[in-house]
Amino acid sequence: MKILIIGAGQVGGTLAENLASEAFDITLIDINATRLYELKDRLDIQTVHGHGSHPDVLRRAGADDADLLVAVTESDEVNIVACQVCYTLFQTPTKIARIRSASYLLRDSLFQSEHMPIDVLINPEGVVTEHIVQLLKHPGALQVLNFAEGRVQLVAVRAVFGGPLVGQAIKTLREHIPKVDTRVAAIFRRGRPITPTGDTVIEVDDEVFIVAASEHIDLVMSELRRVEKPFKKVVIAGGGNIGLRLAREVEDRFSVKVIEFNEPRCVELAEKLNRTVVLNGDATDRELLLEENIEQCDAFCAVTNDDEVNIMSSLLAKRLGVRQVMTLIGKRAYVDLVQGGDIDIAVSPQQATTSSLLSHVRRGDVAMVHSLRRGAAEAIEAIAHGDKRTSKVVGRTIGEIDLPKGTSIGALVRDDEVLIAHDDVIIETDDHVILFLSDKQQVAAVEKLFQVGLTFF
Amino acid sequence: MHLPVIIRVTGVLLTLFSLTLLSPVLVAVIYDESTVPTFAVAFVITLVTGLLMWRLPRSDQELRAGDGFLVTVLFYLGLGLVGALPLYLFDPLESSFTNAAFESLSGLTTTGATVYSGLDDLPRSILFYRNLLNWLGGMGIIVLAVAILPMLGVGGMQLYRAESPGPVKDSKLTPRITETAKALWYLYVGLTGACALSYWVAGMGAFDAICHSFSTVAIGGFSTHDLSIGFFDSVAIESVAIAFMLLSAINFGLHFVVVSRRNPLLYLRDPEVRALAFMLTVVGVIVVTVLSREGDSPAPLREALFQVVSISTTTGFTTANFSGWPSAVPMLLILAAFAGGCAGSTAGGIKMVRVLLLYLQGQRELRRLIHPTGIFPIKLAGQRVPNRVIETVWSFFAAYVFLFLTLMTGLFLITEVDFQTAFSAVGACMNNLGPGLGAVAENYAALPAGAKWLLIFAMLLGRLEIFTLLVLLTPEFWRR
């Protein structure tokens, strides 16, 4: 599969890196030659230097036979024009563009093939915001992933001493919460995946991935931690795009304060937000945090566009007594550095964006892909097609399916019904199957599993 | 300063005004009254003066925005004085010029304070004329409040400028004053017609219905009877009055938007209307409670509701002698009249939107104390209100209170009155309310001439939103 990526910024770069390791042919276009050299040195990709929406540049990059265009430059307009050019001149089948400005996103009818031919819009700020909102709604979760339009959720939880299930075998979960059906999809112990069986004993500090219907998630999580009180007071450091969206989403639910450095921006924020208290100051200012009673806050979300400020303010806030800090970190190296220390949750904008792109490059009918653990693991929502003869999954019980190593099925969604995967459940055609891959190397094998065999036709 | 052109404009206004004097003549002819010569003489004097002022000065200059202050003041003062003529000339009234001017200006400023008693025995043409003054004054206010004051930026009224973001924003409210005025006058006339019809259906005679519709929609408060609306003793008529007083106390710009978008829900979304509703509810509940407890009123709910709406909107109709109620109630009602109706309506007082902004500013100050680094813009209907507007609103409020106290002291100096009388007389005139308490509860006849002129000044101050009149008193205005 040949993929053109326009824009070698953080999103473009991470995407290229993720995809290049999966044997896709990647061509990266950017106007910054240095950045291209840098990436080309590290990755097995082709690069083209030039303006991403110019037809001659696109032709040079091989737009003629590209299967997928991903336009992720800083500029919405360049992204839109690049998609238009590829549609008109090169008939590129699938076009994905990053659109950040909310004004373009308000009207659904704008992006249709006869007007602005963009098949998929991705909006990193929106994705990251949604990610953090989920974390705020589920205190204690490291990650909350939605499948099948939010009917099923996969949560990552760190097991804490005192949780009822900690120190017990997984199979006792049934006795603890008999009315709720759930399944442990994977456990990471000291950074390594272990395949959970009924006898696996959950230890303190394990990172446990659990699948359950959305309404049961909080109950299931309480098995692994002491019952977390819901968040009430939330402080958001940074009033950029993410900060604004985040505050707007949660201001009716929590008491929210936003700290922003730039005064005119503060005025703008205060105008756009209704119940949020907008503070003009530095998020790393200890006096300011103390003045605002930081020690009584439940959650601190650092979402400025500066990694260092995010990390330092989060560390400070944590030290001053905030229950949970969430930090937006763009640089990979920093994520490894801080996670597991004082910072409870590091949110990576690239990872969030990559996830939303991955579902379009996967073969087979894949509705949703979530990239986990910095791309090492993946959760996939695949749709089963065919019948018992043509498919390797349909008509079989989950126990019969020959899953690749490190892969487990978490749940099925049949029409509107959520079925937690047990060995005796039979998969039917059009079921949405939620799989967990603790090793991304198995993606190809899973894709093959869900492809309808052609030999029978 | 472009005096010639200002005189010309005033001349045009006088000429137009003289034509309206023909309608009381018509009334006099219909009812076969002896007032025909009075109005005819007044008509001729006004017309000749108007034409002379219009035609004599040679000037091809255009009116500038800054001249608006002088034109506005001249409009009210000039028409008020000229409008006093018929009352002065009508011998049976035995009216001094002071009394005639007080009555005329009280009418034009839609105050509704009267110096006459025995209204029921006066010729109908005179009664009609008084209410006509109310109505014409209301018409002037609409244009003044919706078109001219926003342009001049008086007392935070720039909030309603077509080009600035504000609670009532509609591109259809045209930036051209003449067009806006026309649109709003249609509304005003329409509302008056509807009001007259409703009164008539509710059981008023045709003459009373028309006269009262004039003073209701203008939030004036002149009546054709000494007992005011209480004369009719009819729940239906009181309900009609309440409904139209409330409608007239709402910004006519908002009415315009509601009519052009055909969406009455916009009323509920307007912060000023909501504030007004809130204030009326609170005052209403208190008054009803007090009246029921004290047993001073035979029908506490009915009388309280009418009086609360009438006084709070600064109309000044009465159905009961409210000055005799437990003293908390009349005081509360006069204080509510200070808040008044909505800006851009015919109501007087400080105006609801200003009170709301003052409240929001106070709230902001409190929040600033809690969060010293916080940024708290003041928002009305989701739109930020510029700090400049808040500033002018504060100085408006300060000037209002200061002038109120000054005028009250002045009244004490001129004549020997008790506190309640002085407080309510100045308050009722400045807020363009009408009836006061104590010695001025029935009418203002008992006050000496000096006190009456002071109250005339108070009425003009209130009607012209203080600064429009004050700016003329500064030497700099004339020197520029």
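Which residues of α12(A) are buried? Asn310(A), Ile311(A), Ser313(A), Ser314(A), Leu316(A) and Ala317(A) are, where buried takes 20 or more other C-beta atoms, placed from the backbone, within 10 Å of a residue's own.

**About the model**

This is a predicted model: local features need pLDDT of at least 70, side-chain atom pairs count only at pLDDT 80 or more, and totals for chains, interfaces and linings use all residues. Residues are numbered from 1 along each chain as its sequence is written, with chains lettered from A in the order written.

**Helix α12(A)**

Helices here are DSSP runs of H or I with at least four residues, and strands are runs of E with at least two, numbered from the N terminus. Helix α12(A) covers residues 307-320 and reaches 20 Å from first C-alpha to last, close to the 20 Å expected at 1.5 Å a residue (1.5 Å times one less than the number of residues).

Its buried residues pack against β12, α11, β15, β16 and α13 of chain A; contact takes C-beta atoms, placed from the backbone, within 7 Å. Just after the helix, Gly321(A) takes a positive phi of about 115 degrees.

**The sheet**

Seven strands make an open, mixed sheet, ordered β17(A)-β16(A)-β15(A)-β12(A)-β13(A)-β14(A)-β1(B). Strands pair if DSSP finds at least two bridges between them. At the edges sit β17(A) and β1(B), each pairing on one side only.

β13(A) and β14(A) run parallel over four bridges, and Lys257(A) has Val277(A) as its bridge partner. Helix α10(A) packs on the sheet, touching β13(A), β14(A) and β1(B), at about 175 degrees to β14(A). Angles run from 0 to 180 degrees between N-to-C directions, using lines fitted to C-alpha atoms, for helices over the stretch in contact.

Key. Buried ≥ 20, exposed ≤ 12 C-beta atoms within 10 Å, placed from the backbone. Contact = placed C-beta atoms within 7 Å.
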